[in-house]
Amino acid sequence: MTDFQAEKQVVRQLHAAIAGATPDTIADVLAQHVSPDWHWRGMHPFHEQRGSEAVAASFWRPLLTAFTRVQRRADIFMAGLNEMDGFKSRWVVQMGHMMGLFDRPLLGILPTGRIAMLRFVEFNRVENGRITETALFCDLLHLMMQAGQWPLPPQTGAHLVQPGPMTHTGLMYDAQPPERGKATLAAINAMLDNPYTSVDGVDEETRLRRAWHDDMIWWGPAGIGATYTIPRYIKQHCEPFDDALHEGYRFNGHLCRMAEGDFGGFFGWANLTLQNAGGYLGMTAGPGPADMRVVDLYRAQDGKLAENWIFIDILHFLNMQGLDVLGRMQSIRVY
């Protein structure tokens, strides 16, 4: 039986070490737990990095400087085999918030001196007791909104500090029955094989009900927001997405797709390439194709999907269209 306990322990030890790190020590802390050629992927403006020093310099040092007394508040912790490479590589996933006192600027975002919650999800590939590959997505737009700095037009969904699973069963530190993970992965793949667009005379709501519970919750990223129930999901996410992003749509695939227990998910780099025909996120039409790097995590229940947490590198998507959101934030000063 594959229980992933060794891989989970490697990642938990890294997280414990980061909790005691400072901006001066973080590079050495990371180096003790990752491979020398560690491949790290992060959202805009961090992008791809190699090795502990590069990751510390681009992401962790700025975060630990800006946030005082950082806590990692996890809602989901799971591990599994990656379907994308024939179930060979082992990955450990954590999702939640990094909470701290927002005391100093971060990437031009002005501090509040109050609690801030940086929403994140992290995929770690573990080999021979070391982390060799990581994808860390964090919602910087959500942080801006918490700080009262609204970088985009009003979103279609709700702005929330998003909770974890309704069942409170996402922290799977112990081994889980393999058959439950297989069932969850099957539910995710059934959703992927069930397109959102109306075809063959079947309306969108009917198609979605094949894969989703009626009271599904879609915890979308800042810029889009969260939505509840299939009809509101269609109105507040699917329709704006399909109306504006139907031109040049290309699915590029996933790098990792896995599940454990009732939870599972995937990420791609980039999942999608598409063009904004106008109106998406309240923006004008884009000049050309742009990439969407996306993470989806799910909770399955009785063979269907009940909850979905989404991370999209919207900053990168907009930057490819000529809108540098962080650059614009840096030009705004409070006197």
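Buried residues are taken here as those under 20% relative accessible area, exposed ones as those over 50%, and partly exposed ones as those in between (1.4 Å probe, protein chains only). The structure is a predicted model, in which local features need pLDDT of at least 70 and side-chain atom pairs count only at pLDDT 80 or more, while totals for chains, interfaces and linings use all residues. Residues are numbered from 1 along each chain as its sequence is written, and side-chain values use heavy atoms, with hydrogens and water left out.

In β11, 5 of 5 residues are buried. Both faces of the strand are covered, with Phe263, Gly265 and Phe267 on one side and Gly264 and Phe266 on the other. Pairing of two strands requires that DSSP finds at least two bridges between them. On this basis β11 is joined to β10 (residues 256-260) by 5 bridges in the antiparallel sense, and glutamate 260 has phenylalanine 263 as its bridge partner. The two strands form a hairpin with 2 residues between them, and glycine 261 in the turn has a positive phi of about 60 degrees. Strand β14 (residues 294-301) also runs antiparallel to β11, again through 5 bridges; here phenylalanine 267 is partnered by valine 295.

Another group of 3 strands forms an open antiparallel sheet in the order β9-β12-β13. Because β9 (247-251) and β13 (290-292) each have a single partner strand, they stand at the edges, and one side of each is left without a neighbour in the sheet. Neighbouring strands are turned by 25 degrees against each other on average, direction ignored, with axes fitted as lines to C-alpha atoms and angles between N-to-C directions running from 0 to 180 degrees. The antiparallel pairing of β9 with β12 (residues 272-275) extends over 3 bridges, and glutamate 247 stands opposite glutamine 275.

Turning to the interior, a nonpolar core is a set of buried Ala, Val, Leu, Ile, Met, Phe, Trp, Tyr and Cys residues joined through side-chain atoms within 4.5 Å. The largest such core has 80 residues, and Leu30, Trp60, Phe102, Trp212, Tyr280 and Met292 touch the most other members. Helix α3 (residues 52-66) supplies the largest share, 7 residues. A second, separate core of 23 residues includes Trp219, Ala226, Phe263 and Trp309.

Volumes are the space filled by probe spheres set on the points, which are joined across faces, edges and corners. The count comes to 4 cavities of 30 Å³ or more. The largest holds about 80 Å³ and is lined by 13 residues, with Met43, Cys138, Asp139, Leu140 and Ile312 nearest its centre. Elements giving two or more residues to this lining are α4 (140-146), β15 (304-312) and α8 (314-319). The second largest cavity, of about 40 Å³, is lined by 13 residues, and those nearest its centre include His142 and His159.

Definitions and conventions: Helices (H or I, at least four residues) and strands (E, at least two) are DSSP runs, numbered from the N terminus. On a 1 Å grid over the protein atoms alone, a cavity is a set of points where a 1.4 Å probe fits but cannot get out, and a pocket is an open set with protein on both sides within 12 Å along at least five of seven lines; lining residues have an atom within 4 Å of a point.
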